[in-house]
Every structure is written in C-alpha cells, then in structure tokens.
Amino acid sequence: MINDWSCRFNNVKAILQLKKSINFGDVSLNFETVAKTLKELEGTFIDGFENNIKYLLNSNHWNANNLVAGKPSISLRSRMDEYAFELHCFPIVKDEAQAVVVSRDPNSPFTEYNPASFGPLLKINGLNNLISMAVRKGDDADMELIKYAHMMTEQLITLFTKRLNVTERTGKSVKDFFEMMAEDEAALKSV
C-alpha cells in the first residue's frame, strides 16, 4: 500500500526520464500509453485543439436558461475496466443525469453536448494493466506515473467542481482502484 500519494514530479517528461534511467532506456508499451495520455492532458489548455474539457468549460456552449447559480449542472462518473480508466460527464436534465441528450434540447444546461457522441472527458488507456503490473513488480517510475495519473484526474475533477455545478460524483479514483487491486493481490498471496 502507498501511504503518501503525493507525486515527486510535476510532469510526465520527468517521470519518463526516471523510467528510462531505471530500465536502461527501455520503456514498456503500456507505460508509454499511459504517459502519452497524461502528456496530452497536460497540454489541454495550451494547445489549440478543441476537446471535451474545453468545450464544457466554455460558457459560450452553456444554455443560459438552464444554469444553476450561473453554472451548468453535471454529474461526474469515473470507471475502469480492463482497457481504460474513464471520466464521464453527464448533464443534468430535469433533475436527472442524462447519458443521451437530443441536440438543442431546451432543458439541457449545454447547447449541443451529448455524452453519447462526445464520449468520456478523459480516457487513460492501459492504466488497469499498469496498476496490475505495478502492484506485482513495479518500480518507482511506475508508481510515480500512477500517482501522477491520480493527481491529474483529481485536479480535473476539482476544476470542474469549481467551474460547473457538480451535483453528483460517483465511481472510484485512480488511488481507489490501485488500493483495491493491491488488496486483491495481497489476498491472493496469502492463500
């Protein structure tokens, strides 16, 4: 179990350098996949590309008739399966989180946002495999990348909580998933 979930590094590049120094330049495909996604998340607000995060935070996409305290109401849900960790946003329409919203729905807090077509806010492919491997035989770089993934996802959730009206947050954090997998692995070893 990890007691301290603070990350020693403030960017993916530094964690990648640590990984290369530990493994004599060798970096697994799974580690690279997770690192690439987190690097893209780092660039969310500095690159010129539109994405789901920018879209939802841009007040030009809000339906002024359906705001609560000047903010759109949403539900945030995280999930992880064998392929990826995902963070989803569902607009609150008529007091319920909606996975499908008709275009230009007058009851939606957004003008065009439909979770079914926009997809997750964030998808970290391979995180489950990285955590599984790190629990069994990971090195410092694996652990730092997992901590960094946790930190970045929690910062994103905090940003949404400040800028939007988050009425519900469900699912587990990256840390929760790690701890659950570590407990499962410890239980297997004790049998």
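Read along the sequence, the protein follows the pattern α-α-α-β-β-β-α-β-α-α-β-α, with seven helices and five strands, where helices (H or I, at least four residues) and strands (E, at least two) are DSSP runs numbered from the N terminus. The model is a predicted one, in which local features need pLDDT of at least 70 and side-chain atom pairs count only at pLDDT 80 or more, whereas totals for chains, interfaces and linings use all residues. Residues are numbered from 1 along each chain as its sequence is written, and side-chain values use heavy atoms, with hydrogens and water left out.

The C-alpha trace of the protein spans about 55 × 40 × 25 Å along its principal axes. Of the 191 residues in the protein, 46% are buried, a class that requires under 20% relative accessible area, with exposed meaning over 50% and partly exposed in between (1.4 Å probe, protein chains only). Among the contacts in the protein with a separation of 6 or more, 67% are accounted for by residues 24 or more positions apart, contact being defined as heavy atoms within 4.5 Å.

The largest nonpolar core has 50 residues, and those with the most contacts inside it are Leu38, Leu127, Ile131, Phe160 and Phe178; such a core is a set of buried Ala, Val, Leu, Ile, Met, Phe, Trp, Tyr and Cys residues joined through side-chain atoms within 4.5 Å. Helix H6 (residues 140-163) contributes the largest share of this core, ten residues. When its neighbours within four places in sequence are left aside, Phe178 is in contact with Ile2, Trp5, Ile131, Val135, Met143 and Ile146.

Helices H2 and H6 pack at an angle of about 30°, with their axes 11 Å apart, the axes being lines fitted to C-alpha atoms, for helices over the stretch in contact, and the angles running from 0 to 180 degrees between N-to-C directions. The crossing of H2 past H6 is left-handed, a term applied if the near helix is turned anticlockwise from the far one by less than a right angle, and right-handed if clockwise. On the H2 side, Phe31, Val34, Ala35, Leu38, Leu41 and Glu42 meet Ala141, Asp142, Leu145, Tyr148, Ala149, Met152 and Leu156 of H6. By class, this contact has eleven nonpolar, no polar and two charged residues, with Ala, Val, Leu, Ile, Met, Phe, Trp, Tyr, Cys and Pro counted as nonpolar, Asp, Glu, Lys and Arg as charged, and the others, Gly among them, as polar.

Met180 lies in helix H7 (residues 174-190) and is partly exposed, with a relative accessible area of 34%. The C-alpha atoms of Met180 and Lys147, 33 residues apart along the chain, are separated by 15 Å.

Backbone geometry was examined next. Most residues other than glycine have a negative phi. Phe24, in the loop between helix H1 (12-22) and helix H2 (29-42), has a positive phi near 55° although it is a residue other than glycine, and counts as exposed at 80% relative accessibility. Arg104, in the loop between strand S3 (96-97) and helix H4 (115-118), likewise has a positive phi, of about 60°, and is not a glycine; Arg104 is exposed, with a relative accessible area of 60%.

The structure holds zero disulfides, a disulfide being a pair of cysteine sulfur atoms within 2.5 Å. Cys7 is buried, with a relative accessible area of 17%, and Cys89 is buried at 1%.
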